[in-house]
Amino acid sequence: KGTASGVHAFPNAELYMYNSKIQDNSNSSFGAGIYVRQSSKAILVNCLITGNVTTSANGGGGLMMYDNCVADVISCTIAANGTPGPGGGIFRRQNTNTLRIFNSVISGNSQRASSSDVDTYEATAAAPVSKNSVLATKAFDSSGTEISAAIFNPSTMFDAGFHLVGAANPALQYGMDAAQLKSLSQTFNHALGAEVENDIDGKSRSGKTTMGVWVQ
């Protein structure tokens, strides 16, 4: 397929996805997994986005944002997506694309050597908000500050099904619990559903500090 072989939000669309798996799509152009385009908005909660591959150097294997879009990525795992271009996990391109990442793990994606798991086309683009999340090998705390002593290694800290493993895994230590996620949900214009307090399988996040789609 050409553009958007998985999910396509276009134009001026509002996309809300809870407890969803977007996996193993392939294409030859923009947005192999999810493509949010032309003033569209996406809220992704407990989404597993893996194995989506594009042969295009345009980038964006897992999530592609193009032309004045907004995406909130909450308690998602985005891994093992690929592109020969930039941003194998998430890529932003053209005009102002606002990206906010909470309690998520975006790591172990493949892209060109000069890029990273989360990237943008415009050199002047604002950095994404990244709180209680892992981007590539880096972990970020509740203020969005990198935790210098915390290193995520996707080859040893994911199992074969992208569950989190390892005693020193920062994605098991620095995530948001149910109460924090509920508070976050109430900051949106339309409060998010109660699913935000649980994982993709409906297990409570109460007392947990686990990023990504599954609690441990």
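Which residue caps the N-terminal end of H2? It is aspartate 177, with a side-chain oxygen 3.2 Å from the backbone nitrogen of alanine 179. Such a polar contact is a pair of N or O atoms within 3.5 Å; within protein, one must be able to donate a hydrogen and the other to accept it, and residues adjacent in sequence count only if both atoms are side-chain atoms. Before we go on, please keep in mind that this is a predicted model, in which local features need pLDDT of at least 70 and side-chain atom pairs count only at pLDDT 80 or more, while totals for chains, interfaces and linings use all residues. Residues are numbered from 1 along each chain as its sequence is written, and side-chain values use heavy atoms, with hydrogens and water left out.

Let us stay with helix H2, which spans residues 178-185. Helices (H or I, at least four residues) and strands (E, at least two) are DSSP runs, numbered from the N terminus. Within H2, Ala178, Leu181, Leu184 and Ser185 are buried, where buried means under 20% relative accessible area, exposed over 50%, and partly exposed in between (1.4 Å probe, protein chains only).

Two strands count as paired if DSSP finds at least two bridges between them. Tyrosine 35 in S4 is a handy landmark here: it is the bridge partner of histidine 8, and in S7 the bridge partner of tyrosine 35 is methionine 64. Tyr35 also belongs to a cluster, linked by ring pairs, with Phe30 and Tyr66.

What makes a ring pair? Rings of Phe, Tyr and Trp (its six-membered ring) pair if their centres lie within 6.5 Å; planes under 30 degrees apart count as stacked, over 60 as edge-to-face and the rest as tilted. By this rule there are four aromatic pairs. One of them joins phenylalanine 152 and phenylalanine 158 edge-to-face, at 5.3 Å centre to centre and 75 degrees between the planes. Phenylalanine 158 also forms an edge-to-face pair with phenylalanine 162, at 5.6 Å centre to centre and 80 degrees between the planes. Phenylalanine 152 has a relative accessible area of 1% and is buried; phenylalanine 158, at 9%, is buried too.

Rings also meet charges. The charged end of arginine 37 sits over the ring of phenylalanine 10, 3.9 Å from its centre; this requires NZ of Lys or CZ of Arg within 6 Å of the ring centre and within 35 degrees of the ring normal. Arginine 93 does likewise with tyrosine 121, its charged end lying 4.3 Å from the ring centre. Phenylalanine 10 has another feature: a cis peptide bond joins it to proline 11, with omega about -25 degrees. Proline 11 lies in the loop between strand S1 (7-9) and strand S2 (14-23).

Alanine 80, in the loop between strand S9 (77-79) and strand S10 (90-93), has a positive phi of about 60 degrees although it is not a glycine. Glutamine 94 has a positive phi as well, near 75 degrees, and is found in the loop between S10 and strand S11 (98-102).

Asparagine 97 is in the loop between S10 and S11 and is buried at 5% relative accessibility. A polar atom of its side chain lies 2.9 Å from the backbone oxygen of glutamine 94, and one lies 2.9 Å from the backbone nitrogen of cysteine 69.

Finally, look at serine 133 in strand S15 (residues 133-135). Serine 133 is buried, with a relative accessible area of 0%. Its side chain reaches the backbone nitrogen of serine 104 at 3.0 Å, and a polar atom of that side chain lies 2.9 Å from the backbone oxygen of lysine 131.
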